[in-house]
Amino acid sequence: MKNPFDKFIIALAPMAGVTDFAFRKICADFGADMVVSEMLSIKAIENGSKQSLKMLREESSALRCCQLFGHELKSIERVLSSDLFDAYDYIDFNCGCPAPKIVKNGDGSALMRDIEKARPVIASLVKNSKKPVSVKFRLGIDDNINYLEFAKMCEEEGVAFITLHARTREQGYAGSVDKSAYEKLVRAVNIPVFWSGDIKTKEDVAYAQSIGCAGVMIGRNAIGNPEIFSVLKGITPPYSKRGAVRTHLELLKTYYKSERTLVAYFKKHLMWYVKSTDNATLLKQKILQFTTLTEIESVIDQM
Ligand SMILES: Cc1cc2nc3c(=O)[nH]c(=O)nc-3n(C[C@H](O)[C@H](O)[C@H](O)COP(=O)(O)O)c2cc1C
């Protein structure tokens, strides 16, 4: 398949509990070429979960990916053929999540256990989705490294691009990624390959590009730090850090009905946003105690 991208893509990686619609919009404002949502359960969407349906909200100016997880063919058929994903450019499918409660259900990285069992799942996603499907996976599971075979199966089933997080399920997020795996993957398939894992500097991006990757996804280094996209792209940031934090909070005010829920959720982001400030430790201790929006806003005013 031809590379559908007209440039090298610097994307925001999917992160559950982090890449909410507001954060995705801000990262796109700061220059991310593509943003990926938190993972959403296909089964929960099928069951009409209000929370999951609400999380489909998408307003960013970048290429938009909605990440889904699941494995039941009937649910995939029903959910993917709906018009719920009209706001998105891609459906990204999660085959990498290491969390026990996900793996126990046969979802996330569990799909790497048996490639021939995963094949009809991927085929059904591609067949039923109105949008091109991408797949994100790891090196393997149960210390069985089979990412090359898994990738070839994805290519055979018509997947538009693949993203590798080059650690096994057992490695979680520890140590560093196996850098040699990305080059092997680029050589093994004819669909675009994205690098996910430990990308931080312009040199990291240049290296991924030099070995033939179509893009990189930035995860942990973007948390509390949407400016990373402007830095990596060498562009002037559209607004200040304080502007980013304010925008994030204002957008979330239109999402959460109760102040208590919003404060509880946003405290986490605020602690990430202040982590690079001089008095971060003291500030974080203060933020932990906050119960009102007024307290949150007073910290933003001082940033
Ligand atoms: C808090 C957190 C949540 C994550 N949630 C998801 C997820 O929902 N779906 C997914 O495919 N990967 C998820 N990941 C993995 C990241 O997308 C990424 O592959 C991994 O963190 C390695 O990239 P990094 O070094 O740039 O963070 C998550 C990672 C973190 C740290």
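A: The chat below goes through the ligand shell, the domains, a helix, the core and a few loop residues.

Q: Experimental or predicted?
A: This is a predicted model.

Q: OK, ligand first. How many residues surround the ligand, and which are the closest?
A: The ligand is surrounded by 23 residues. The closest are Ala 13, Met 15, Met 39, Gly 219 and Arg 220.

Q: How does the shell around the ligand divide by class?
A: The shell has 10 nonpolar residues, nine polar and four charged.

Q: Switching to domains. Where are the bounds?
A: The assignment gives domain 1 as 9-233 and domain 2 as 241-302. Their C-alpha centres lie 28 Å apart.

Q: How many residues does each domain put into the contact?
A: Domain 1 gives eight residues and domain 2 gives 10. On the domain 1 side, five are nonpolar, one is polar and two are charged.

Q: Now helix α8. Which residues there are buried?
A: Helix α8 covers residues 179-188, and Ala 181, Tyr 182, Leu 185 and Val 186 are buried in it.

Q: Why do they line one face?
A: Looking down the axis of α8, the buried residues fall within an arc of 135°, so they line one face of the helix.

Q: On to the largest nonpolar core. Which members touch the most others?
A: That core has 87 residues, and Ala 11, Ala 32 and Val 216 touch the most other members. Helix α1 (residues 21-29) supplies the largest share, six residues.

Q: Which domains does this core draw on?
A: Both domain 1 (9-233) and domain 2 (241-302) contribute, with at least three residues from each.

Q: What does Ala 11 touch?
A: Leaving out residues up to four places away in sequence, Ala 11 touches Ala 32, Asp 33, Met 34, Val 35, Val 36, Phe 194, Gly 215, Val 216 and Met 217.

Q: What about Asp 143?
A: Asp 143 also has a positive phi, about 60°, and is not a glycine either.

Q: Where do those two sit?
A: Asp 142 is in the loop between β7 (140-141) and β8 (144-145). Asp 143 is in the loop between β7 and β8 as well.

Q: Is Asp 142 buried or exposed, and why?
A: Asp 142 is exposed because 12 other C-beta atoms lie within 10 Å, and the cut-off for exposed is 12 or fewer. Asp 143 counts as exposed too, with 10 such neighbours inside 10 Å.

Q: Last one, Met 112. Where is it, and is it buried or exposed?
A: Met 112 is in the loop between α5 (100-103) and α6 (115-128). Met 112 counts as buried, because it has 24 C-beta neighbours inside 10 Å and buried takes 20 or more.

Q: What does Met 112 touch?
A: Among its contacts beyond four places in sequence are Cys 95, Phe 137, Arg 138 and Phe 150. Separately, Met 112 and Arg 169 are 57 residues apart in sequence and 9.6 Å apart in space, C-alpha to C-alpha.

Technical notes. Residues are numbered from 1 along each chain as its sequence is written. This is a predicted model: local features need pLDDT of at least 70, side-chain atom pairs count only at pLDDT 80 or more; totals for chains, interfaces and linings use all residues. A residue is near a molecule or strand if its C-beta atom, placed from the backbone, lies within 6 Å of it. Ala, Val, Leu, Ile, Met, Phe, Trp, Tyr, Cys and Pro count as nonpolar, Asp, Glu, Lys and Arg as charged, and the others, Gly among them, as polar. Domain bounds come from an automatic or database domain assignment. Two residues are in contact if their C-beta atoms, placed from the backbone, lie within 7 Å. Helices (H or I, at least four residues) and strands (E, at least two) are DSSP runs, numbered from the N terminus. The arc is that of the directions from the helix axis to the C-beta atoms. A nonpolar core is a set of buried Ala, Val, Leu, Ile, Met, Phe, Trp, Tyr and Cys residues joined through C-beta atoms within 7 Å.
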